[in-house]
Amino acid sequence: MLFKRVKPLDQILATAEKKSLVRQLGPFQLTMLGIGAIIGTGIFVLTAEAGQKAGPGMMVSFIIAAVVCGLAALAYAELASMVPVAGSAYTYTYGVMGEGLAWVVGWALVLEYTIAASTVCVGWAGYFNGLLASRGLGLPMFLRVGPLDGGGFNLFACLIGLVITGLLVVGTSKSAKVNAVLVLVKVIALTVFIVIALPRVEDANFEPFTPNGWGSPMGGIGVLGAAASIFFAYVGFDAISTAAEETKNPNRNIPIGLLGALGVCTIYYLLVSYGAIGAVGAQPVVAPDGSAIQPGTPAMAAACRASEALVCSKEALAHAVRLLDHPWWGNFIGAAASLALPSVILTMTYGQTRIFFTMARDGLLPSSLAKIHPRYHTPHVITLITGAFVSLFGALFPVGALADVTNSGTLFAFMMVALGVLILRVKQPQRPRSFRTPIAWVVCPLAILGCLLLFLNLSKITMIVFFGWAAVGLVVYYLYGYRKSHLANGTEPA
């Protein structure tokens, strides 16, 4: 059942032309969109989470995650250039493996984009609260973090989600221009951190290198557990593919944006993580019995009370620079993150709305969700709904738990994309490909295995959330989408 109703790629392209978005994004804007999505909470905040899981070994975690993402990016580039329409992995799966599995992928992408946007809201709030606290203006703890972090309602995480939602309703082109400026701010902040931290690196801070070992399946700890979490730091690149329908000359510009953004960000990540570990240390805090503590838990919040450890900080890079006796530059990095991290929320929320837009256009969700605003030319209904959930999740849950849930949906979608490339190579070898994944029969299987390895190293609770969410999605599909599908009923929109 899941593999029936394959929507031909030519029909997907024709459907998009009937009810399409305006092509207004060039290669520079796409690359900035990708960098804006990638450089964000992953490096500014999850450095602390990765340190708690892997200690200095998180440098290896960054490399593992980058390699897996690079392999997946090569597969994404081929499909995005072949099918330059909105929808990302959902659309590709629909055209290759069938409607049912496409729905599962689209449903999983809710975990990637909506929860990712919430994760960044929490990360941004950590930096903004730290900046206010440095000036004696901090909020009470109840309003600074969610319940699992020892608070009640993360006020600023909620507010920033609502502000970004309003910006996205106004228009994509305006959002992309704002994003380009914010990307520059983030790159400057990371460069400042590297210049300050690298000269202070000490070899002793790298010992022991892997205090929690390499990890184990469903353990969520160790080098592989950290890689499964830090994978979040790279996943924004595929948001570029969701912008394919709004891209000028997508066959050329989508691959440039995908691979260019991933390459730039990987270099920065390795330099920043090396500087953070070597300059201030990244050893995990442990329970009284010496066992590892999962980040994002009440036990972690208790262990970190009054601690100056990097792994306890909600504003890791700014905190590290302050520990190096540069309070002014620490505040600068905090201000830069506070100013620039919203670009990641923007990109992730943008990606989610475009996926929902495409699913509604296919009849799998109510068509009212695909309404285009008469003035702003954006899918405003689904943007407002998505933004409301982004804000709510950000207000209630900790950054680490949200990031891991995000990664579960992302890793599943990436596996489907890599598999889709191989299936199309067999079924439609003559279809034009302006970008071809090099040595696809090596790259794509490695991408699948890499994603599966990281998926299995997520925590047990994350696995439960993922499969529970998938089960709910199947119920929704069979109650609505299966019956209302335009493909099944021959009711493609005119």
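Contact here means heavy atoms within 4.5 Å. This is a predicted model, in which local features need pLDDT of at least 70 and side-chain atom pairs count only at pLDDT 80 or more, while totals for chains, interfaces and linings use all residues. Residues are numbered from 1 along each chain as its sequence is written, and side-chain values use heavy atoms, with hydrogens and water left out.

Q: Among contacts in the protein chain between residues at least 6 apart in sequence, what percentage join residues at least 24 apart?
A: The pairs considered are contacts between residues at least 6 apart in sequence. Of these, the share that joins residues at least 24 apart is 83%.

Q: Is α7 parallel, perpendicular or oblique to α16?
A: The axes (lines fitted to C-alpha atoms over the stretch in contact, with angles from 0 to 180 degrees between N-to-C directions) of helix α7 (residues 99-134) and helix α16 (residues 327-340) come within 8 Å and cross at roughly 140°. Angles under 35 degrees count as roughly parallel, over 145 as roughly antiparallel and 65 to 115 as roughly perpendicular, the rest being oblique. Therefore α7 is, relative to α16, oblique.

Q: Which residues of α18 are buried?
A: Buried means under 20% relative accessible area, with a 1.4 Å probe and protein chains only. What covers the buried residues of α18 includes α7, α9 (155-170) and α17 (342-361). The buried residues of α18 are His 380, Ile 382, Thr 383, Thr 386, Gly 387, Val 390, Ser 391, Gly 394 and Ala 395.

Q: How many helices does the protein chain have?
A: Helices are DSSP runs of H or I with at least four residues, and strands are runs of E with at least two, numbered from the N terminus. The protein chain has zero strands, and its number of helices is 22.

Methods: Buried < 20%, exposed > 50% of the residue type's maximum accessible area, 1.4 Å probe, protein only.
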